[in-house]
Amino acid sequence: MTSYPILTLLILLPLAGGLCLAPVWNRPEWARPLALGVAVAELALAGWLLAASGMPPAPGAAAGYFLWEDAAWIERFGIRYLLGMDGISLLMVVLTAFTTVVAMLVSWRGITERATLHYFLILLMESGIMGVFLALDLVLFYLFWEVMLIPMFFLIGIWGHGRRIYSAVKFFLYTLVGSLLMLLAIIGVYLIHGDATGTFTFALPLLAKAPIAHAAAPWLFGAFLLAFAIKFPLFPVHTWLPDAHTDAPTAGSVILAALLLKTGAYGLVRFGYPLFPEAAKGFAPLLYVLAIIGILYASWIAYAQEDMKRMVAYSSVGHMGFVALGIASWGPVALSGSILQMVNHGFTTAALFALVGMLDERAHTREVAAFGGLWGTMPVFSFFFLFFAMASAGLPGLNNFVGEFLILVGVFRTTPAAGAIAFLGIVLPLIYTVRLVQEVLFQTERQPLRLPDLTLREGAVLAVLAVIDLYIGVHPKPLLDILKVPVALLTGVAP
């Protein structure tokens with residue numbers, strides 16, 4: 001199995017599929033099913049890898065990796081085409097493939113102009129995101145990091161609404177600043193490691209064997225941290241996210257919430273801490289503070305929102321604050337919870353953005369005050385809206401509860417004070433969630449809008465997401481087992 005370039009196929013299949021849309025560029029009725037077929041094929045490949053996750057380590061691979069591809073690229077500068085898959089990247093790959101299918105299905109009828117370009121950009125972005133989750137060479141990682149940003153800029157700028165140009169430019173500028181800082185840090189790591197060891201390389205496995213102990217290490221880690229914090233996003237560099245979500249098309253919001261935010265957390269786990277373990281410990285108090293402020297602040301601001309999409313966007317800031325909290329703890333329980341919560345947030349928040357988009361397509365508004373009594377007029381929609389709202393709020397038995405519980409348990413073991421304060425972040429989301437559900441579904445003082453209920457396509461997408469949320473909430477062990485070895489290797493604590 002390891003003799004075939006499966007990881008390369010994961011990266012190139014969406015790109016190749018996007019290029020295959022060229023002959024039907026002006027025939028969106030053909031481009032849609034073709035693009036969806038490519039996305040489904042990618043999901044099938046990712047699902048097969050998930051089913052085979054117990055395979056033995058790949059020959060010549062670093063510890064913990066069961067798929068490995070290594071080839072010389074730019075040898076003069078120590079740049080290699082190095083890809084690897086362990087349990088963490090496997091879950092991110094499956095989440096990426098599944099979310100891409102969801103994004104295509106929720107925009108099936110909503111995108112009528114330049115539809116082929118829309119689907120091409122989604123497939124291009126999928127290739128970039130896959131590369132981010134699989135690359136183990138810093139230059140290759142940076143290349144994919146930049147590739148995934150460009151399609152999102154155009155998705156917001158072309159198919160967005162409201163202040164779409166402003167939001168697209170703001171998104172681009174924030175991420176550009178972070179990217180440039182990360183590039184400088186990558187060059188610094190390359191030069192310092194080369195001077196210290198005599199081996200000039202960008203390969204993570206070699207760099208991690210001799211972590212940077214130079215006086216510049218805190219500055220380099222700080223640059224990585226800021227670049228990844230922008231993408232999380234963490235307070236106070238989060239302000240681009242509500243605007244981007246509010247003005248993005250539904251597919252853009254789904255991918256942004258489920259995938260692009262996860263690349264920041266993944267980068268910190270995969271590159272930040274392994275390259276700078278000592279500097280990371282020094283930054284832990286700051287990361288705790290920023291995570292807790294983000295959790296509490298986002299919940300407070302979310303309650304005040306009248307636009308449902310903006311409310312869900314701020315809730316994402318809070319949920320990703322929990323992910324940062326677990327990473328700051330850097331213990332096996334909290335880190336497992338953070339990675340699991342990345343997956344949970346991807347499924348749950350993607351569903352919420354899809355639901356808000358479906359409502360917007362029908363009513364052409366997302367204002368909470370415009371709705372009321374939908375439980376009586378749109379029962380299927382209302383069921384799923386209530387289900388995913390409760391999942392987002394951390395209802396026991398659903399997926400978000402498991403991730404947040406593990407994070408809090410792990411944080412209480414290492415930093416009880418941080419865990420106690422963060423516990424408020426479990427309570428506060430209930431307040432704005434109850435307000436949202438009550439006003440949209442059960443408010444009887446306003447005349448309910450007569451809107452058509454979900455179509456079979458919409459209901460099927462949400463039903464699959466609901467089953468996944470429920471399964472993880474009731475039986476998270478298979479996913480935690482996948483994470484056991486890579487988390488143990490990262491934290492140095494035996495499973």
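Predicted model: local features only at pLDDT ≥ 70, side-chain atom pairs only at ≥ 80, totals over all residues.
Trainee: What makes a stretch a helix here?

Mentor: A DSSP run. H or I must hold for at least four residues; a strand needs E for at least two, and numbering starts at the N terminus.

Trainee: What contact is found at the start of α5?

Mentor: A side-chain oxygen of Asp 137 comes within 3.0 Å of the backbone nitrogen of Val 139. The rule for a polar contact is a pair of N or O atoms within 3.5 Å; within protein, one must be able to donate a hydrogen and the other to accept it, and neighbours in sequence count only if both atoms are side-chain atoms.

Trainee: What is found at the start of α3?

Mentor: A side-chain oxygen of Asp 86 lies within 3.2 Å of the backbone nitrogen of Ile 88.

Trainee: How do you know that the length of α3 fits?

Mentor: Its 20 residues, 87-106, should span 28 Å; the end C-alpha atoms are 29 Å apart, which agrees.

Trainee: Why is α3 called mostly covered?

Mentor: Count its buried residues: 20 of 20. Buried means under 20% relative accessible area, exposed means over 50%, and partly exposed lies in between, with a 1.4 Å probe and protein chains only.

Trainee: How many aromatic pairs are there?

Mentor: The count is 27. Rings of Phe, Tyr and Trp (its six-membered ring) pair if their centres lie within 6.5 Å; planes under 30 degrees apart are stacked, over 60 edge-to-face, and the rest tilted.

Trainee: Why is the pair Phe 141 and Phe 228 called edge-to-face?

Mentor: The ring centres are 6.4 Å apart and the planes stand at 70°, so the pair is edge-to-face. The pair joins distant parts of the chain: Phe 141 is in α5 (138-159), Phe 228 in α8 (217-231), 87 residues apart.

Trainee: What makes the pair Phe 401 and Phe 405 stacked?

Mentor: The angle between the planes is 25°, with 5.8 Å from centre to centre. Both residues lie in helix α16 (399-414), 4 residues apart, about one turn of the helix. An α-helix has 3.6 residues a turn, so residues three or four places apart point the same way.

Trainee: Why are Phe 401 and Phe 405 called partly exposed?

Mentor: Phe 401 is at 31%. Phe 405 is at 47%. Both values fall in the partly exposed range.

Trainee: Which residues do ring pairs link into a cluster?

Mentor: Among them are Phe 141, Trp 145, Phe 228, Tyr 273 and Trp 330.

Trainee: What makes the bond between Phe 232 and Pro 233 cis?

Mentor: Omega is about 0° there. Phe 235 and Pro 236 are also joined by a cis bond, with omega about 5°. Pro 233 sits in the loop between α8 and α9 (240-247), and Pro 236 is in that loop too.

Trainee: What makes the phi of Arg 114 worth a look?

Mentor: Phi is near 50°, a positive value in a residue other than glycine. Most residues other than glycine have a negative phi, and most peptide bonds are trans. His 364 also has a positive phi, about 60°.

Trainee: Why are Arg 114 and His 364 called exposed?

Mentor: Arg 114 has a relative accessible area of 56%. His 364 is at 66%, so His 364 counts as exposed. Arg 114 lies in the loop between α3 and α4 (115-134), and His 364 in the loop between α13 and α14 (374-377).

Definitions and conventions:
Residues numbered from 1 in each chain as written. Heavy atoms only, no water. Expected span 1.5 Å × (residues − 1).
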